[in-house]
Amino acid sequence: MGKIMLEVKNLKTKYVTRFHEDVYAVDGVSFTIEDGKSLGIAGESGCGKSTLALSVMGYYFSPLHYISGDIIIDGKNISGMKPDDVRKSILGSEIAYIPQAAMNALNPTQKIIRFMEDVIHAHDPKAGRKEIRERAEARFAELGLPPSVLDKHAVELSGGMKQRTVIAVSTILNPKVLIADEPSSALDVTSQKMVIKMLRELMGKGYIKSMLFITHELPLLYNVTDDIMVMYAGQIVERGSAREMVFDPVHPYSHGLMNSILVPEEGTRGNKLTAIPGAPPNLKRPPDGCRFAERCKYARPECRYSMIPEKSFDAGRMYRCLLGVDELKEVYGHE
Amino acid sequence: MSERAIEQTDFTNRPLCLSGRGVTKIFGLGDKRTVAVDHVDFDFHEGEFVSIVGESGSGKTTLSKMLLGLLNASEGEIFFQGKPRDISTGRKKKEYWKGIQAIFQDPFSSFNTFQKIDTVLLDCINMRGGKHLPKEKKIEMMTEACGFVNLKFAELTNKYPFELSGGQMQRLMIARIFLLRPRILLADEPTSMVDACSRATILDMLLNLRDEIGMTVIFITHDIGLAYYISDTVYIMEHGKFVEFGKADEVILNPQAAYTKRLISDVPKIHEEWDLSTVDLLSQK
Amino acid sequence: MKNTLRQVFHSPKFVVGFVIFVAILLTMIIYPLFNPGNPLAQIGVGTFAKPGTYVSLYDATKAKTETFRLPDAEEKRLKASLSDEDRVAMVEWFTAAGVDMGDLDLQDTDALLDLWNANYDPSLRPKGMITARVNYFKRLNNALQELGGGDTIIIAEKDDASGELVESKKILNTDYVNVNAVTNVKTLPLGTDNFGRDVLKELVSAVGTSLLIGLIAGVVATSIGLVFGLLAGYVGGIVDDLIMFITNIFTVIPGFVLLILITYSIGQEQRGAAVVAAVIGLTSWTWTTRSVRSQVISLRNRDHVNLSKLSGHSLIRIVLTDILPYIASYVVMAFILQVSSGILAEAQLSLLGLGPRTTITPTLGLMMNWAMLYSAHTNGSWWAYFPVILTITLISFSLNLMNTGLDQVFNPALRD
């Protein structure tokens, strides 16, 4: 077992709406990522996966509020820190964050090298311009980005190039955890592939120690991360290795999700897609029992009011359902 | 839901529903002149499920607007049911739109948020000449249409579209098509804004709708896996041109055009290894 | 709709603006009920009577008197009759005559008078003092000796037969009358203006007229702007080009200059409040057109508009049902701003003397114009113009607050 880079223990956070209602977007999430590993989070929009990303990096700016739980980055607990301190001392050096529209966050009036200077100066105020340029050029060369990009403005770059530049800039300090929230969803497939290749190289060369990758595209997740977690209504419903999750999901929700994958591969045309009716519960008043019970084909009456425990099985797998693994696999087999 | 037939029906000897010859759209003049759609030919047959696959900027949305008659073609001619399409006057347009309808990408912007769901559906009945039907008959029709997409009309009446989820809204759009019964349905990325689980439902409903009404479905998408799964015929579009078209199995499993090959290799797979070495990081894309 | 209203009234800015505005409106409605009559009635003969309560002296002499011996009455009287100017003059003499003043307090009337009576010598001619000044001090001394002098004022009436003055009433300095016993008392909280008119009454009436002018200007500007903006944005093409051409012409000509020229050429006689309001509206629609147009252009390509077209709806129906509701909130905000700027434009015009001709109803701008013409600002009659400025500020402040509040509700991106 490698060293644990990121550990999240029973994290609970909420949004406060303008009418002072609480929305429990992340409700008791625990997971760990080891050194050199990547973890994917899958789930439909509104399941809390983006909120989880913000919560893990301690970005508690209104309307997001911290309730309880621990976030430990390489042994350092940041859960009690003020968001401003987190921004100053943790972001960039410990955690880097790449949102979906990161490429649009670049100030159009500045050259790329200035962003590099900003990031490095935040960590090392004495770094000289020449030193920064050398460092940036070396990193760009290693990641396969043309060094000429450093002297361009954001508007001169294509969307894919901008996104890769943002990733290169935000990981220049070799953060321990990289949180990528749909980093390639706004790009075309070719640029997406480049972004993925670059993330893999960052991991492979050890510039980032671990990665939390969030997307709703399951084939992408399968190809990027070692492990996959499926999130539903603010909770983790299943976790396993990428292969296990895609080909052998246990939780009825993950089962449905994995059975809706569409890839242009021979033999997939005849597959029957699993449709899950209904909509996720309102997180202002989460249900007492299983949050998926309303939409679950296999739900039993007790599912609606019992506390659903997280159960471990096999090696390092976990799921959240009243039914046993064998029971579930049996019903899937009958379909 | 039954297992889908894998073998492909041959549509080429069915009557033509919508076809085009040399259809072109040019925006701007002089330096700003861009050719969005460049002399494309196409033949969509009755009952055919056609996908037009392209990346953003390929011109697929411009083409769809021309097919719908929301944009005029700069050059070329579009034929509707074998005859040259004439949409020169408001009246003729209105008549044409009885034959072709659309479902758009973003369900949240597809509805007028100030109109109740009843209004949306009643409008469809009126458009089909059912304006003077008795109220009970209208409600019966609306209930049937909602039932087709697994929605309960009784629960939707007097509600506004924004009270529904994205998936439900998109299903309501299908209910609208069910009431309108057009000859052609143009679906412009109808599942790209809904969740994976709702996507399966919507795709199933589109297939059922095609079988129920016997209409042609033109499915515009950027997702080649989705196009492969759902369509009979696939058209691959790049820079305003069709680079390849044919039966879904032939085009996807045995692509001929370099662009199609690249597109397929760039999409992450789950059964095959996704080859990352094919991309050149130094390219300016 | 209900939810939107709830959100609007959750915006503190809107609520503050709304409360101020409603308070102004209520004052405008309720005050005339307590104080009816023509707001432009000239009640005073002089100009710029100070704010305060006025008691009829005539009636006061007729009222029943009571005798009070108040210990500080005499002192107060002295104090009131010894002006600041006199006090300074006395000190000047002391200094010139080399009198030791010690730590004399100018306001200590008793000490000052004692010192004067002890030291003043009419025969003394301090060094360097000119004769005129010496004589001035003699007069001052005479006046000081008579201060607080008589205990009694005698009111005499002329006897018609003999032509002699006959004493009819003696008023002692210990006589008091109850204010409530005086028949005629007039409170003027804001005094009178240059024509002797009650400023407060005039102000309340002026607020009404100015709001009406703002409302007419707002309706005119918003209607023109809305119609042009909708047409230019939705129809596009040549219609758009034409409308934008006109709009650009109106935009490059400074609006206020145009306004001055138009009102000037209309002539004094035709310039009623409504005409001025309409002219203000006619010169300020351009930015509504521009912003409505850009909003409509962004809406025009929304899918619901396309679907509405596919449903065979007519242009008018699409504009009314699929476009207008989406920009309604925006139009309301624009309207509020137009009302506010209409009121300000009227004030500016009237200040220049190009306001409504009216002598029947006052407007906020006219009040300022009168105050300026009669030099209220140089002779210290602040009450003639300051309340007007304050009212204009409050009205446009409240309207702008409401607008900002609405903006925050309807454009969530602006929320903090």
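The paragraphs below go through this predicted model chain by chain.

Residues are numbered from 1 along each chain as its sequence is written, while chains are lettered from A and ligands numbered from 1 in the order in which they are written. Because the model is predicted, local features need pLDDT of at least 70 and side-chain atom pairs count only at pLDDT 80 or more, whereas totals for chains, interfaces and linings use all residues.

The term pLDDT stands for the predictor's confidence in each residue, from 0 to 100. Chain A has a mean pLDDT of 89, and 100% of its residues reach 70 or more. Among the elements of chain A, the lowest mean, 85, belongs to helix α2 (residues 83-90), and the highest, 95, to strand β8 (residues 210-214). Where pLDDT is low, the predicted coordinates should not be read in detail.

Chain A contains an open sheet of 8 strands with mixed pairing. The order of its strands is β6-β7-β8-β3-β9-β10-β12-β11. Two strands pair if DSSP finds at least two bridges between them. At the edges of this sheet stand β6 (95-98) and β11 (310-313) of chain A; each has a single partner strand, so one side of each is left without a neighbour in the sheet. On average, neighbouring strands of the sheet are turned by 20 degrees against each other, direction ignored. Within chain A, strand β9 (residues 227-232) and strand β10 (residues 235-241) are paired in the antiparallel sense over 6 bridges. Val230(A) has Glu238(A) of β10(A) opposite to it.

Two helices of chain A also pack together. Two packed helices are described by the angle between their axes and the distance between the axes. Axes are lines fitted to C-alpha atoms, for helices over the stretch in contact, and angles run from 0 to 180 degrees between N-to-C directions. The axes of helix α3 (residues 112-123) and helix α5 (residues 159-170) of chain A come within 9 Å and cross at roughly 25 degrees. α3(A) and α5(A) are therefore roughly parallel to each other; angles under 35 degrees count as roughly parallel, over 145 as roughly antiparallel, 65 to 115 as roughly perpendicular and the rest as oblique. Their crossing is right-handed, a term used if the near helix is turned clockwise from the far one by less than a right angle. On the side of α3(A) the contact is made by Ile112(A), Phe115(A), Met116(A) and Val119(A), and on the side of α5(A) by Thr165(A), Val169(A) and Ser170(A). Two residues are in contact if their C-beta atoms, placed from the backbone, lie within 7 Å. This contact has 5 nonpolar, 2 polar and no charged residues. Ala, Val, Leu, Ile, Met, Phe, Trp, Tyr, Cys and Pro count as nonpolar, Asp, Glu, Lys and Arg as charged, and the others, Gly among them, as polar.

Two backbone details of chain A remain. Most residues other than glycine have a negative phi, and most peptide bonds are trans. The peptide bond from Ser62(A) to Pro63(A) is cis, with omega near 10 degrees, and Pro63(A) lies in the loop between α1 (49-56) and β4 (64-73) of chain A. Asn10(A), which is not a glycine, has a positive phi of about 45 degrees; Asn10(A) is placed in strand β1 (residues 4-16) of chain A.

Chain B has an open sheet of 4 strands in the order β2-β1-β4-β5, with antiparallel pairing. Strand β1 (residues 16-27) and strand β4 (residues 75-80) of chain B run antiparallel and are joined by 5 bridges. Arg21(B) has Glu77(B) in β4(B) as its bridge partner. Helix α1 (residues 60-68) of chain B packs on this sheet and touches β1, β2 and β4 of chain B.

Chain B also meets chain A: 40 residues of chain B are in contact with 43 residues of chain A. α8(B) gives the most to the side of chain B that touches chain A, with 7 residues. That side divides into 22 nonpolar, 7 polar and 11 charged residues.

In chain C, helix α11 (residues 273-282) and helix α14 (residues 315-351) pack at an angle of about 115 degrees, with their axes 10 Å apart. The crossing of α11(C) and α14(C) is right-handed.
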